[in-house]
Amino acid sequence: MHSDPATTTSRCLLLARIYPSPLLPSSQIAPSQRAFIPSAAWLTLSAAGMASEKHFKYIILGGGVSAGYAAREFAQQGVKPGELAIISKEAVAPYERPALSKGYLFPQNAARLPGFHVCVGSGGQRLLPEWYSETGIELILSTEIVKADLASKTLSSATGATFTYEILLIATGSSVIKLTDFGTQGADSNNILYLREIDDADKLVAAIQAKKGGKAVVVGGGYIGLELSAVLKINDLDVTMVFPEPWCMPRLFTADIAAFYEGYYTNKGVKIVKGTLAVGFDADANGDVTAVKLKDGTVLEADIVVVGVGGRPLTTLFKGQVAEEKGGIKTDAFFETSVPGVYAVGDVATFPLKMYNELRRVEHVDHSRKSAEQAVKVRPSRLSLMFKMSSI
């Protein structure tokens, strides 16, 4: 059965949209070889080649909480279909990341997508993947950007696709700090896990199910350490939490407040080891972790280890191109960077915090939401001013 040329072309263009980076770009296929490629396949390659470079008025780089809240604000500001794209290395539309250390790990009635897509975390509308297409916002998922040239306003992906923009919103967030970064002995053993993205949460769920009733060691006494210790205990694991500080959450809690929480956790059966840190891990013949070795000489049996020792803002793409401070990208009060038309929000932004009269970088979901909204809200007036000044 044969299709008419128009149908064949439209199907090929659709395929090109789904598979924007063919194994062999059409530009690299010699004319003498093209005769051996079926016409439909050639159209697919040609269309894919054309689709490998895309231009948008606005690009949000990153697919986390900030991206979703920025997209909603863009829609409320009247962004036109086709003007805005979100580029994310994750395979799903933006979601409320805090769910991963809470409801996602519950033994019963666990949270799953699409239940916690943004913006339900702040009581707003849940933005399903269809919302983006209906609004004319292009979701470019499973796409890792490996180069950003702010001078030419160009982003390049790991597969060779190129994206150009007029306005860029950097919402790349943070990556977890891993013990392998420090060369910790045995830190690459199986079942030593971290939690940042939904793929990490799936690995942790699988480990919990595989090690029912086993021993879990949580390395870190911050937000993630406390939350994961609680949820692992709910899953009936024998949980020990280890951290080097004199009490949990030292950046936020006083000693008395920390003592209350530590007492509560202890009463629930969580063992707490303070004032020392993990310096190595033992593993069995299969490479599965079996024990955590502490600096004070203690050895803790472990079937699962979850590490939560902080994160690093993902700013590497922009090194040497924007002003930086305190580990993040320096912005003004409107979250615009030192490069006009480039904004940074969420974990990566170092911004003037008026109540403390200093520049700060904040890692908190509420900041991720509000900084994204702020950057988009002020954009029209900032752009108008920019255009007026350029015409003087």
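## Basis and overall make-up

Accessible areas come from the Shrake-Rupley method with a 1.4 Å probe, and for residues only the protein chains shown count as cover. The accessible surface of the protein chain is about 19,800 Å², and 56% of this belongs to carbon and sulfur atoms. The model is predicted: local features need pLDDT of at least 70, side-chain atom pairs count only at pLDDT 80 or more, and totals for chains, interfaces and linings use all residues. Residues are numbered from 1 along each chain as its sequence is written, and side-chain values use heavy atoms, with hydrogens and water left out.

The chain has 392 residues, of which 45% are buried (under 20% relative accessible area; exposed is over 50%, partly exposed in between; 1.4 Å probe, protein chains only). Its secondary structure comes to 9 helices and 21 strands, taken as DSSP runs numbered from the N terminus (helices H or I, at least four residues; strands E, at least two).

## Aromatic rings

The structure holds 7 aromatic pairs. Rings of Phe, Tyr and Trp (its six-membered ring) pair if their centres lie within 6.5 Å; planes under 30 degrees apart count as stacked, over 60 as edge-to-face and the rest as tilted. Phe253 and Tyr261 are stacked, because their ring centres are 5.0 Å apart and their planes at 10°. Phe260 and Tyr261 are edge-to-face, with centres 5.4 Å apart and planes at 85°.

Phe253 is buried at 13% relative accessible area, Tyr261 is partly exposed at 35%, and Phe260 is exposed at 55%. Elsewhere, ring pairs link Tyr95, Tyr104 and Phe116 into a cluster.
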